[in-house]
Amino acid sequence: MPIVRLLKQTKYQVIAAAIIIAILLLLWKPEILIEGIQRSSLYAVIALPMALILGVVGIINLAHGDFMMLGAYTAYFLAVKTGMDPMLAMIPAIIAFFAIGTLAYLALIRPILGSPELNQLLLTFGLSLVLEELVNLMFTSQPYKLSIGYVSSSLTVGNFTFGTFEFVYVLAAAVVFIGLHYFLKKTRLGQSATAVGQNPRGAKLVGIDVNRTYLIMFSLSIAIIATIGVLFSMRYSVFPLAGAPYTMKSFCLIAMAGIGNLIGVLWYSALLGVSESIITAIPGAAGWADLVFFALIVAAILIRSYRQRVK
Amino acid sequence: MRKVLSILLTLVIATSIFISGCAPAATTTPASTGSKAPTGEPIKFGATVTLADITGKEASNAMLLAAKEINAAGGVLGRPLQIVIADDQGKGEVGASSLDKLATVDNVYAFIGGMSSGVHMAQIPIMKKYAKITVTIGAAASPVIEAPFADADWYFHIHPWDYEQTSGYITGFKEMMTKFPQMTLKKWFIGYEEGAFGSSGWKGFQTLWPQQGWDVNGASFKSALMGGGDYRAALRQAKDYNPDAYMWLGYAADALPMVEQAKEINFAPDMFIGAPPGWPADFGKSPLAESVSLFGMWAPSLNSVSPAAKHFWDAYVAEYKTEPTGYFAPLGYTNVYVLANAINKAGTLDQAAVITALKATSYDSPTGQTLTFKPSDKIKNQGFTSQKILQWQKGVQTVIWPFDIKTADPEYPFPTWDKR
């Protein structure tokens, strides 16, 4: 039977297990599955741009979450000063932050591309601190939050009520993933970026402008993450350190998935998001969520290392 | 390469100029405008505050305002009063070294200010080393702060301790249930952030609430401040418990998302209470804020019942062209006045005489209450012993308890979400 043959492959075993778990969760506590998927999508959509930079440019951008924070502040102040809905604010945000990403690349990233990785890490770490402190000085640490009616919209099915706004993150993750996948596989620039990510010297030899590719990819990543920050600001409070925890989460997801593995980022985001949702739903167990998170990260990396060694 | 380095250098210099322009002055002697201008060497109060936090910023503004008024009225013992502000950056080690500098380099007469219990804890050895008169407006965590000052006659603590606050809330809820018989607050659910602040608060509820014959259950959540911000799991557990009152212990960043997510899952208990140390700037503007109760030491609505509160408010707005948002502003103002008044009453800077005068303090504070000092469980000189119960009503924080300074009756029950 074709299904039996398919199930002999690990990939389809994982998919089958995921479907079974999803059905069980739907029957037991549907909110765990729904809120888990929503949470996973937020993690995924934040991690994907970092995966893009790491896969192509080879830089771990420790200011990743801080650019998201800047996008969130942009949305907040555009809403307060001009009345612009944050959904619309994504358009000026993506343009403005593409330009900011370009400036950041030219001024800070390009000069250190050939440097040891520690220098690169220190630079982006320093950039993260500068951004956070600058925002703190300008706006203090007081949180800001837009009050938008439709953000708390919900749907009731029988006795069960669940939020619907966070499906925006599911949609955003799908758009970003499919968009990046199409871009990297089907467009000339994307294929060049993939080649540069795999072998910069080889790419240069065949005539690809490596610097221009790095510039565009870095700028695109900053534009995407800042735009995600706009969506983030609709649901979460905005303050100088709002983005920092997501830098670390994104880095952990990429470490689990492997560099350049965008689909892996989606799967591991789903694993972590749903696991967190299960743990926090158990009375008294919410405090274990972080421990489970890091345990899963360690397990995933160890399993991947073992499988690579076996191959 | 040279071009890039020059651009980088220019950016660094520009940023430094911008940052130094934004940075507050380390010391300020507010100008005297009265006819009896104080003369001579300034008397200095050294204040440690967290300037990057809105509470510290407003407290220092209020302290400088108080000093300006005091100097306009002739100063302290005819001498100008100078407030030396040191930024503790919210860090214990910086708070401790700031006190050292205030004592040795700035040679201040007394220590004032404070907010964070963590910073205060680190400052304890320095305070005890110099044994200067210390009048602090911060630190509520009694287990780590109170005992070391048990024998310190020179230590005056204005902010209520954590156990005093909780005891005050119990008194307040009981009095409200007596005055408003339709109120039933005997079954509680506490959502608490999983850090030290929330967890220690939850332990207090687990101990004290059953002593009143009240049922209590709780669930932790990860605060937005720590990278969380999804409260639905805790809120669903609360909804399943069906409490008379839901209270959440967290931070300002959790405030609006908490009510949004409560609405999302249709959880509307008869009383919805938030207990963060501060509130976000825009919370009151949201229709979801209506009838959310909270704790605090001050609210702008006190202007209608307290002349001292009104004077403070008008003076602050006139000076800074902005309204204070939290209770550390009136506390900072109170801090300076209480000490300055005690020195003037003592007629001398002799520490023993000033301590005696401080102990006899009876100051009509802009918090709407009269500040006096009495022994607490452990220290000799405790100021305020409770907070107030407030409630957001039509975008304004009203005082619903204590009844002698209330500005509104409580809205009860908490309106359902579809009625907003």
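Me: Which residues of helix 3 of chain A meet which residues of helix 11 of chain A?

Reply: This is a predicted model, so read it as such. On the helix 3 side of chain A, look for Tyr43(A), Ile46(A), Ala47(A), Met50(A), Ala51(A) and Leu54(A). They meet Tyr246(A), Lys249(A), Ser250(A), Phe251(A), Leu253(A) and Ile254(A) in helix 11 of chain A. Sort the residues of this contact by class: 10 are nonpolar, 1 is polar and 1 is charged.

Me: At what angle do the axes of helix 3 and helix 11 of chain A cross?

Reply: Angles from 65 to 115 degrees count as roughly perpendicular. Helix 3 (residues 30–56) and helix 11 (residues 244–257) of chain A cross at roughly 70°. Their axes come within 9 Å. That angle makes helix 3 of chain A roughly perpendicular to helix 11 of chain A. The crossing of these two helices is right-handed.

Me: What about helix 7 and helix 8 of chain A: at what angle do they pack?

Reply: Helix 7 (residues 167–186) and helix 8 (residues 188–198) of chain A pack at about 85°, with axes 5 Å apart. So helix 7 of chain A is roughly perpendicular to helix 8 of chain A. Helix 7 of chain A brings Phe183(A), Leu184(A), Lys185(A) and Lys186(A) to the contact. Helix 8 of chain A brings Gly190(A), Ala193(A) and Thr194(A). By class, the contact has 3 nonpolar, 2 polar and 2 charged residues.

Me: Now chain B. How do helix 2 and helix 10 of chain B cross?

Reply: Start with the axes again. Those of helix 2 (residues 54–72) and helix 10 (residues 307–320) of chain B come within 10 Å and cross at roughly 100°. These two helices of chain B are therefore roughly perpendicular to each other. Find Asn61(B), Ala62(B), Leu65(B) and Glu69(B) on helix 2 of chain B. The contact divides into 5 nonpolar, 1 polar and 2 charged residues.

Me: How do I read a sheet? What is the order of the strands in the open sheet of chain B?

Reply: The open sheet has 7 strands in the order 8-7-9-10-11-14-15 of chain B, with mixed pairing. Strand 8 (215–221) and strand 15 (396–401) of chain B are the edges; each has a single partner strand, so one side of each lacks a neighbour in the sheet. From one strand to the next, the twist averages 25°.

Me: Over how many bridges does strand 10 of chain B pair with strand 11 of chain B?

Reply: Strand 10 (residues 271–274) and strand 11 (residues 292–296) of chain B pair over 3 bridges, in the parallel sense. Phe272(B) stands opposite Val292(B) there. Strand 9 and strand 10 of chain B also pair in the parallel sense, over 4 bridges. On that side, Phe272(B) is the bridge partner of Tyr246(B).

Me: Which residues lie on the two faces of strand 10 of chain B?

Reply: In a regular strand, side chains alternate between the two faces of the sheet. Here, Met271(B) and Ile273(B) point to one side, and Phe272(B) and Gly274(B) to the other. All four are buried, and both faces of strand 10 of chain B are covered.

Me: Where does helix 8 of chain B lie on the strands?

Reply: Helix 8 (residues 232–241) of chain B lies across strand 7 (187–193), strand 8 and strand 9 (245–249) of chain B. Its direction runs at about 165° to strand 8 of chain B.

Me: How do I judge burial? How many residues of helix 9 of chain B are buried?

Reply: Count neighbouring C-beta atoms within 10 Å: 20 or more means buried, 12 or fewer means exposed. In helix 9 (residues 255–264) of chain B, 10 of the 10 residues are buried, so the helix is largely enclosed by the rest of the structure. Among them are Leu256(B), Met258(B) and Lys263(B). After helix 9 of chain B comes Asn266(B), with a positive phi near 60°.

Me: And Ala147(B): buried or exposed?

Reply: Ala147(B) has 12 other C-beta atoms within 10 Å, so it is exposed. It sits in the loop between helix 5 (142–145) and strand 6 (155–157) of chain B.

Me: Last one. How many residues of chain A are in contact with chain B?

Reply: 29 residues of chain A touch 38 residues of chain B. Helix 3 of chain A gives the most to its side, with 3 residues. That side of chain A divides into 12 nonpolar, 12 polar and 5 charged residues.

Definitions and conventions. Residues numbered from 1 in each chain as written. Chains lettered and ligands numbered in written order. Predicted model: local features only at pLDDT ≥ 70, side-chain atom pairs only at ≥ 80, totals over all residues. Axes fitted to C-alpha atoms, helices over the stretch in contact; angles between N-to-C directions. Parallel < 35°, antiparallel > 145°, perpendicular 65-115°, else oblique. Contact = placed C-beta atoms within 7 Å. Nonpolar A, V, L, I, M, F, W, Y, C, P; charged D, E, K, R; others polar. Left-handed = near helix turned anticlockwise from the far one by under 90°. Pairing = 2+ DSSP bridges.
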